[in-house]
Amino acid sequence: MIALTFGVLLQIASRLPPSAFPGLPYAVRQELVERRCLTPRLAPLRRRHNVVRGSFERPGQIDWAVLCSTRGVSRILVFWNGDPARVTELARGPDHGLRILGVVGRDFIVSHHRANGGPPLPPTRHQGIEDIVMEKASVVYYRYRGRWLVLAGTD
């Protein structure tokens, strides 16, 4: 988790175009351009963020999650196996620019679920997407049997 003070959080440096992320597969970058997506970047963080890769559907598959900001609304777009024809949208809401995406593994998911309680956790064999809302708690989106589960993240 990234800890910053509230005064620093208000410094949203910019919203970056897809071309600022050359590590993204070309076809995904093109889809983001067509959707007119820009990716928010907080000023104090030097490294680019809000574009992450991980195995969000099954172990070994490389998926991409991008925080997409358009017309005052942000959402997470997940490109399954880097395929722009297989994209899922989640966590749509007002674009306040104070979100950071992360990738979490089994240990994080299990320990935070145990600490916060809730229904039994399904088997965790792949990674989840942590959606950090600065100065608030985070949530973890975990794909299980074709559905997104919303699990506890950090406080």
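**View 1. The whole chain and its surface.** The accessible surface of the chain comes to about 8,100 Å². Carbon and sulfur atoms hold 51% of that surface. Accessible areas come from the Shrake-Rupley method with a 1.4 Å probe, and for residues only the protein chains shown count as cover. This is a predicted model, in which local features need pLDDT of at least 70, side-chain atom pairs count only at pLDDT 80 or more, and totals for chains, interfaces and linings use all residues. Residues are numbered from 1 along each chain as its sequence is written, and side-chain values use heavy atoms, with hydrogens and water left out. Of the 155 residues of the chain, 48% count as buried (under 20% relative accessible area; exposed is over 50%, and partly exposed lies in between; 1.4 Å probe, protein chains only).

**View 2. The order of helices and strands.** The chain has three helices and 10 strands. Both are DSSP runs, numbered from the N terminus: helices are H or I with at least four residues, strands are E with at least two. From the N terminus on, the order reads α-β-α-β-β-β-β-β-β-α-β-β-β. Take the contacts (heavy atoms within 4.5 Å) with a separation of 6 or more: 52% of them join residues 24 or more positions apart.

**View 3. The four-stranded sheet.** Four strands form an open sheet in the order β3-β4-β5-β6, with antiparallel pairing. Its edge strands are β3 (51-54) and β6 (87-94), and each pairs on one side only. Two strands pair if DSSP finds at least two bridges between them. On average, neighbouring strands of this sheet are turned by 20 degrees against each other, direction ignored. The axes are lines fitted to C-alpha atoms, for helices over the stretch in contact; angles run from 0 to 180 degrees between N-to-C directions.

**View 4. Strands β4 and β5.** β4 (residues 63-70) and β5 (residues 73-79) run antiparallel, and seven bridges join them. Strands of a sheet pair through backbone hydrogen bonds, either parallel or antiparallel.

**View 5. Helix α3 and its cover.** Helix α3 spans residues 106-116, and its buried residues are I109, V110, H112 and H113. What covers them includes β7 (99-104), β8 (128-133), β9 (138-144) and β10 (147-152). Just after α3, G117 takes a positive phi of about 75 degrees.

**View 6. A closer look at H113.** H113 is found in helix α3. Its relative accessible area is 12%, so H113 is buried. Leaving aside neighbours within four places in sequence, H113 is in contact with G118, P119, P120, L121 and L151.
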